[in-house]
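I am opening a notebook on a structure that is new to me. These entries record what I looked up, topic by topic.

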Amino acid sequence: MIKFGTNPIAWANDDDQSIGADIPTARILDEAGRLIGFDGIENGHRWPQDDPEALRSLLAQYGLVFISGWYSTELLTRSVEEEIAAVQGHLAKLKHNGCKVCIVCECSNTVHGQPLTPVNDRPVLNAAEMAGFGAKMEAFAAYLAGEGVTLAYHHHMGSVVESPADIDAFMAATGPATHLLFDAGHCAFGGGDPALVLARHIKRVAHFHAKNIRPEITAKVRAENLSFLQGVRAGAFTVPGDQEGAVDFAPLLRILRQNGYDGWIVIEAEQDPHERNPLLYQTLGLHTLKRIAKEVGFDLVPSPHPETVGA
């Protein structure tokens, strides 16, 4: 059964915490849970990070559950054993909150969080390096699987797994314990056709980010050697249903439905909240996804929350 979630970066950014810094935490949760009606929300720097029960309790006040959250691996620079030791606090948070997936991205050398480094200058692994990286990631994923949590790898702009070729190589270099977080926006920004890439790897997709892109802005980021964060501020990303967006979500949700996808569909679309109101955009995104999900045959459980702003 699918559930619909969001990510707080629509309100308050994690990579550049000055974006949305003035928006109160209570407003984020109230809008996401009570006003819009999401089932859950991913991690953000505003939530309690070291007290899993405090996190659960906070979100529950707004009718939300904790979906999962980003975890930065550094397997290119440290051992699997060191990674296992490093993940313990995050893993405890996931397990306490009943999370099914651990969202992972290799960040030992990523450039997506650097404010001025062009996203075009991202690190690239050769075939031998990818094979070694994949072997370590698979060992880490196998450990998480033993703890009852599935590793969902987030291909991401500015990182070693960005392009469709990177995704293919990474999936080939890993084994059955390593799954994919498929992100429609990052796939399109990275030069891929989201429907083709999703169809190729659907059997190992464990999490889905419904991110959209504004193609004229992503093209500008590439052409002018802008950083990932400069692209975010310029409006590179948006939600499903935005007429400025380039991603068609109908074929993507159809692929999920036809392959028995059972998990979260999360709107993870960072924008400047003062340029694009999160309440309005996230509402548009959720309504769009629910409409498409119904059209392609998903069984939708009525949300206990109102689905219209002000309802």
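Before looking at packing, I set down that contact means heavy atoms within 4.5 Å. The model is a predicted one, in which local features need pLDDT of at least 70 and side-chain atom pairs count only at pLDDT 80 or more, while totals for chains, interfaces and linings use all residues. Residues are numbered from 1 along each chain as its sequence is written, and side-chain values use heavy atoms, with hydrogens and water left out.

**Helix α4**

I took helices (H or I, at least four residues) and strands (E, at least two) as DSSP runs, numbered from the N terminus. I also took buried to mean under 20% relative accessible area, exposed over 50%, and partly exposed in between, with a 1.4 Å probe and protein chains only.

I first asked which residues of helix α4 are buried. In this helix, which covers residues 88-96, they are His90, Leu91, Lys93 and Leu94. They lie on the same side of α4, because they cover an arc of only 160° around the axis, the arc being that of the directions from the helix axis to the C-beta atoms. I then looked up their packing partners, and found that the buried residues of α4 pack against α2 (52-60), β3 (65-66), β4 (70-73), β5 (101-106) and α5 (127-146). After α4 comes Gly98, which has a positive phi, near 70°.

**The sheet**

Nine strands form an open sheet with parallel pairing, and I noted their order as β3-β2-β1-β11-β8-β7-β6-β5-β4. Its edge strands are β3 and β4, each of which pairs on one side only. Two strands count as paired if DSSP finds at least two bridges between them; β1 (residues 3-6) and β2 (residues 40-41) pair in the parallel sense over two bridges. Gly5 has Gly40, in β2, as its bridge partner.

**Cysteines**

How many disulfides does the structure hold? I found zero disulfides, a disulfide being a pair of cysteine sulfur atoms within 2.5 Å. For Cys102, the nearest cysteine sulfur is that of Cys99, 9.2 Å away, and Cys102 is buried, with a relative accessible area of 0%. The sulfur of Cys105 is 4.3 Å from the closest cysteine sulfur, in Cys107, which is too far for a bond.

I stayed with Cys105, which lies in strand β5 and counts as buried at 0% relative accessibility. Leaving out residues up to four places away in sequence, Cys105 touches Trp70, Tyr71, Ser72, Thr73, Tyr153, His154, His156 and Ser159. Finally, I noted that Cys105 and His155 are 50 residues apart in sequence but 7.0 Å apart in space, C-alpha to C-alpha.
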